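Open your viewer and get ready to select a few segments in turn. At each stop you will find a short note on what to look for.

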Amino acid sequence: MKMMNKKDDFWIKMKKYMIFCILCILCIFYIQCIQAYEYPTIVPYVNDFTGVLTSEQINLLNQHCDEIEENTSYEIAVVVLNTTNGADRLDYANHIGENNGVGKKATGTGLVILWTFENERGLAIATARGAGETYVNDAKAAEIARAARPLFEDEKYYEGFEQMLTQIEQTIHERDTENKGTGNQQLVGPFGNELIMLIIIFGAIGIIIWLILRKSGYVGGGGWGSGTTGTIAGTLGSGSSGGFSGGSFGGGSFGGGGGRG
């Protein structure tokens, strides 16, 4: 019987590990494809699926959102729904933003304001990864949503959305002034938060590969083991990440932040 040497044993383990990773990635993509059918497709900026806003009110809110984007680069989607189909309204708002690409891809300047009537009655403000969650953090988003909630309970939906847009715009200007005054610049977009995430992911992959090499006896002896590790790590580290895009928005990527009201 032909005995397998260490090198053959190592590559068998690596193939099993890579097959496992590929299957995990395919499962994630499959789940995301299924989830995509559960969330509405929206357009900039106001999307009323219930008919509680008049045409004039929608036009006025669209104009305000357009002005905010011109002045701050923030893309804001306003969505009114009857139900979230049993899902948490903040998670639902994040999925809407993710699936429709709300926000600028490079900076993550995107927000979704959601009002839903039935199972998850209430407000939610979802923020995109990047400047969205930096300028309008979870605490501020919750504060803005709570302040507007009484207007929605009184069925003053236009007034409620208008108040929220105004407060969001003021918050962005205030935070922008603070950052300029202190000389601090936020590291956002593909060279900020996403870069940190990539470093963490590739670091974890590197540790797993190092453990496999160590167990197989290829670490510590120099020569082939050291060179192969460097080659694999370099190959895996050369990838890039892309944002989500859809609809007519810019392509921001949402990370689950925001607040409820």
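**A short tour**

Start with strands E3 and E4 (residues 122–128): six bridges join them, and they run antiparallel. Strands pair here if DSSP finds at least two bridges between them; helices (H or I, at least four residues) and strands (E, at least two) are DSSP runs, numbered from the N terminus. This is a predicted model, where local features need pLDDT of at least 70, side-chain atom pairs count only at pLDDT 80 or more, and totals for chains, interfaces and linings use all residues. Residues are numbered from 1 along each chain as its sequence is written, and side-chain values use heavy atoms, with hydrogens and water left out.

Now pick out Trp115, which stands opposite Leu123 in E4. Five residues lie between E3 and E4 in their hairpin.

Next, select residues 110–116, strand E3: seven of its seven residues are buried (under 20% relative accessible area; exposed is over 50%, partly exposed in between, with a 1.4 Å probe and protein chains only). Gly110, Val112, Leu114 and Thr116 cover one side, with Leu111, Ile113 and Trp115 on the other.

Leu81 has Thr116 as its bridge partner in E3.

Finish at helix H2 (residues 55–72). Which of its residues are buried? They are Leu61, Asn62, His64, Cys65, Ile68, Glu69 and Thr72. Turned away from the buried side of H2 are the exposed Ser55, Glu56, Glu70 and Asn71. Just after H2, Ser73 takes a positive phi of about 75°.
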